[in-house]
Amino acid sequence: MKLFVGSLPYDIVKSELSELFGQFGSVVSAKLIVDPFSGESKGFGFVEMSTRSEGHKAMDGLNGKEYKHRKLVCTEAKPPVKKGQRRR
C-alpha cells in the first residue's frame, strides 16, 4: 500500500522516514520529494508498506501526529495523473 506523507520536517532524511513508518510494519520503499534546482526537501513524500493492513496501521498511527514540531498528514496515495489529464 502506497501512502502520501505531507507536512514533513524539511530536514528529514529517507532513512529517518523509513524508520518512522517501520514501527507499523515492513517498509518496501520511502521517497522524499525534493526541489530539482535546490535539492532541498519539499516537505512531502511517499512510503510503500508491504501490506494494506500495515498501511492502515501507519495511517492511523501517524496521521495528525506531531513529529519534530510538524503535524503529519498521512493518507493513501492517489494514482499519478497522466500529462494533460486532471485529477477528479
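**Salt bridges in a predicted model**

Lys68 is partly exposed, at 39% relative accessible area (buried means under 20%, exposed over 50%, partly exposed in between; 1.4 Å probe, protein chains only). This is a predicted model, where local features need pLDDT of at least 70, side-chain atom pairs count only at pLDDT 80 or more, and totals for chains, interfaces and linings use all residues. Residues are numbered from 1 along each chain as its sequence is written, and side-chain values use heavy atoms, with hydrogens and water left out. A salt bridge is a side-chain nitrogen of Lys or Arg within 4 Å of a carboxyl oxygen of Asp or Glu. The count is three salt bridges.

**Bridges of Lys68**
- Glu16 pairs with Lys68, with the closest N and O atoms 2.8 Å apart.
- Glu16 sits in helix α1 and Lys68 in the loop between β4 and β5, so this bridge ties together parts 52 residues apart in sequence.
- Helices (H or I, at least four residues) and strands (E, at least two) are DSSP runs, numbered from the N terminus.
- Lys68 also bridges to Asp11, at 4.0 Å between the closest N and O atoms.
- That pair is 57 residues apart, with Asp11 in the loop between β1 (2-6) and α1 (14-22).
- Asp11 is exposed, with a relative accessible area of 55%.

**Bridge of Arg52 and Glu76**
- Their side chains meet at 3.2 Å, N to O.
- Arg52 belongs to helix α2 (residues 52-62) and Glu76 to strand β6 (residues 73-76), so the pair ties together parts 24 residues apart in sequence.
- Arg52 is partly exposed at 47%, and Glu76 is partly exposed at 38%.

**Network**
- Shared partners join Asp11, Glu16 and Lys68 into one salt-bridge network.
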